[in-house]
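Here is a short briefing on how one protein chain is put together. Look at the structure first, then work through the points by topic.

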Amino acid sequence: MLLRKDDIQARTITEDGRIFLEKAARDGLETVWDRYEAQRPQCGFCELGLSCRNCSMGPCRIDPFGEGPQRGVCGADADIIVARNLGRMIAAGSASHSDHGRDLVEVLRKVGEGRAPGYAIRSPEKLKKVAAEFGISPDGKTPEALAVELAHAMEEEFGTRKKALTFLNRVPEKRRAVWEKLGITPRGIDRETSEMMHRTHMGVDNDWQSLLLHGLRNALSDGWGGSLIATEVSDILFGIPQPVSSEVNLGVLKHDQVNIILHGHNPIVSEMIFEAAQDPELLALASHKGAAGINLAGLCCTGNELLMRRGIPMAGNHLMTELALSTGLVDMMLVDYQCIMPALGEIATCYHTLMVSTSDKAKYPHMVHHEFHPETAQQKARELVRQAVENFTRRIPAKILTPPNAPTKMMAGFSVEAIVAALGGSATPLIDAIKSGAVQGAVGVVGCNNPKIRHDYGHVTLTQRLIQNDILVVDTGCAAVAHAKAGLKVPEAAGQAGPGLQKVCTALGIPPVLHMGSCVDNVRILDLAAALAKTLGTDISDLPLAAAAPEWYSEKAVSIACYAVASGVFTVLGTPPPIFGSPKIVKLLTEDIHGLLGASFAVEPDPEKAATLIVEHIRRKRKALGL
Ligand code: BF8
Ligand code: SF4
């Protein structure tokens, strides 16, 4: 199953990706790219959003050429079916982020109750700040008591009977008025998702416009609810990220050390592993086994969480998760949930790697399940690190390829608090730089990898073009890893930016592409945008901002894109979403919605063209502001 050189080139722009695609092929592994090829041609009805299996009178499909059936068995037409499918994608994405947030709130509560040994409140300041937003006074309370009260209030947000989510107090007045007018002010987080599942049941909401409006409301309950809770509680428990230097790509895996990879999304497990990996007894055991140390490395968003707060190096992003195993150097991979390909366990059987799943709600084939609960996580983490250390001597020499490439240097840790600190204590210098034109605007380049798009090409190309045009890029998720690997996240990368941005970055000693975290941390970008709009007394949609997800694959990305647009941010998607079966819906989302929200979507797979769209958008916004 050897791959031709140009096939490999077509799959990824990364050096370690190419090296280990070849290695994986030599080892006879089937990767995500092979499985994608095997699936082609993919179902055209599904690509267009025109298939429905919401009930057992179906499955149904609509003929896009107008010759075959134009209605499902129930009578649903193309518009209804496309809208329902999109609605369910949003619901799934919103549910994923929000359920992740709920898990963190549970830990917060248990820390307060003294039932989560090993965890602590690392940021009492943020605890107080967020508690105040929920109307909870810190007076006369220990941080633990305050944590319990805040956790109860946050748990209540998931099913709240209030008319709006608490965090909407961060949203500019003008934006809240837009939502009120459209009837999309988000209420209880679970309620919006549950209502979406209800509306999309056969025979409920059969108006495509009202389905889409509820989709926006559902997404807003993620962005200003579940995801924001996840980010804020992570900061309270694990600390507010501060600028930190680290390294990225498969070169971070060490031949002479015990390598433990942490993959998934939730920092609850990985933070305990981080502690355990520093245990002197386990380090001594590693040394006894002939290892020079215990090396942690991250993948995907669990990796981003650890990178942001602890400077743990990053092995790679979504499409690198299988290839990381093919090094033969991974002594243990620990996964929590989301974006963990079910293929991983089987791939690991080719090597000595121990695969461990940790969440009660996420099990995988060929993985050993060790459930983490706050009460016992500390002890469990030590047990697992010990197993990883013991596994070091079981490596299979013939299957090892130590990555020949050096890791790339990078900086991460740009929380809103860290950005404000880098600016000297307030956002004013950023606003001044935007006003003067040195910085033309800011764009969030976020999201996944997808084998439909050459790995990392979409992210890196778009971001290079944007910074060349003096546009500051902030990023999260797998996009951030792509940029880091391309060397865009070191202060010296300012040399690749236009003259204005270059000057600003050099003065502040920051890269032109700022790592703001994991995918739930997209709310940090939203928060910053809202704070800027509030300072200027305007709406988010008036600012020279945009967002892009050049290689998105996940339902979570659909929810993120929808809350970005609903919050007033023009958003460009690289991979086409399954909406093209309904010209009316395409027109609404890419054109007409602008009149309602001051922002819209665009779909543009070519990152060069996407860059042009965004640069033009930012110029228009600047002009409207008189800049
Ligand atoms: O939440 S960017 S592939 S890892 S979904 Fe997944 Fe996409 Fe990566 Fe993080 Ni986000
Ligand atoms: Fe077919 Fe309607 Fe059932 Fe969907 S809900 S499967 S379109 S009958």
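**Domains of the chain**

The protein chain is divided into domain 1 (5–61), domain 2 (78–238), domain 3 (250–399) and domain 4 (412–624). The model is predicted.

**Where domain 2 meets domain 3**

- Start with spacing: the C-alpha centres of domain 2 and domain 3 lie 30 Å apart.
- Domain 2 gives 19 residues to the contact, and domain 3 gives 17 residues.
- Interface size is often expressed as the accessible area that is lost when the parts come together.
- Here, domain 2 and domain 3 bury about 1,600 Å² between them. Carbon and sulfur atoms account for 50% of that area.

- Six salt bridges are counted between domain 2 and domain 3.
- One salt bridge joins the side chains of Arg115 and Glu375, at 3.5 Å from N to O.
- Nine residue pairs are in polar contact between domain 2 and domain 3, with both residues at pLDDT 80 or more.
- On the side of domain 2 that touches domain 3, the elements giving two or more residues are α5 (78–112) and α10 (208–238).
- Helix α5 gives the largest share of that side, with nine residues.

**The six-stranded sheet**

- Six strands form an open sheet with parallel pairing. Their order is β13-β12-β11-β14-β15-β16.
- Why do β13 (513–515) and β16 (601–603) each have one side without a neighbour in the sheet? Both stand at the edges, each with a single partner strand, so one side of each is left without a neighbour.
- From one strand to the next, the twist averages 25 degrees.
- Take one pair: strand β11 (residues 441–445) pairs with strand β12 (residues 471–475) in the parallel sense, over five bridges.
- Within this pair, Gly441 stands opposite Ile471 in β12.

**A helix on the sheet**

- Helix α25 (residues 607–624) packs on the sheet.
- Which strands does α25 touch? The helix touches β11, β12, β14 (545–549), β15 (571–573) and β16.
- The direction of α25 makes about 165 degrees with that of β14.

Notes. Residues numbered from 1 in each chain as written. Chains lettered and ligands numbered in written order. Predicted model: local features only at pLDDT ≥ 70, side-chain atom pairs only at ≥ 80, totals over all residues. Heavy atoms only, no water. Pairing = 2+ DSSP bridges. Helix = DSSP H or I, 4+ residues; strand = E, 2+ residues; numbered from the N terminus. Axes fitted to C-alpha atoms, helices over the stretch in contact; angles between N-to-C directions. Contact = heavy atoms within 4.5 Å. Domains from an automatic or database assignment. Buried area = accessible area lost by both parts, 1.4 Å probe. Salt bridge = Lys/Arg side-chain N within 4 Å of Asp/Glu carboxyl O. Polar contact = N/O pair within 3.5 Å; in protein donor to acceptor, adjacent residues only side chain to side chain.
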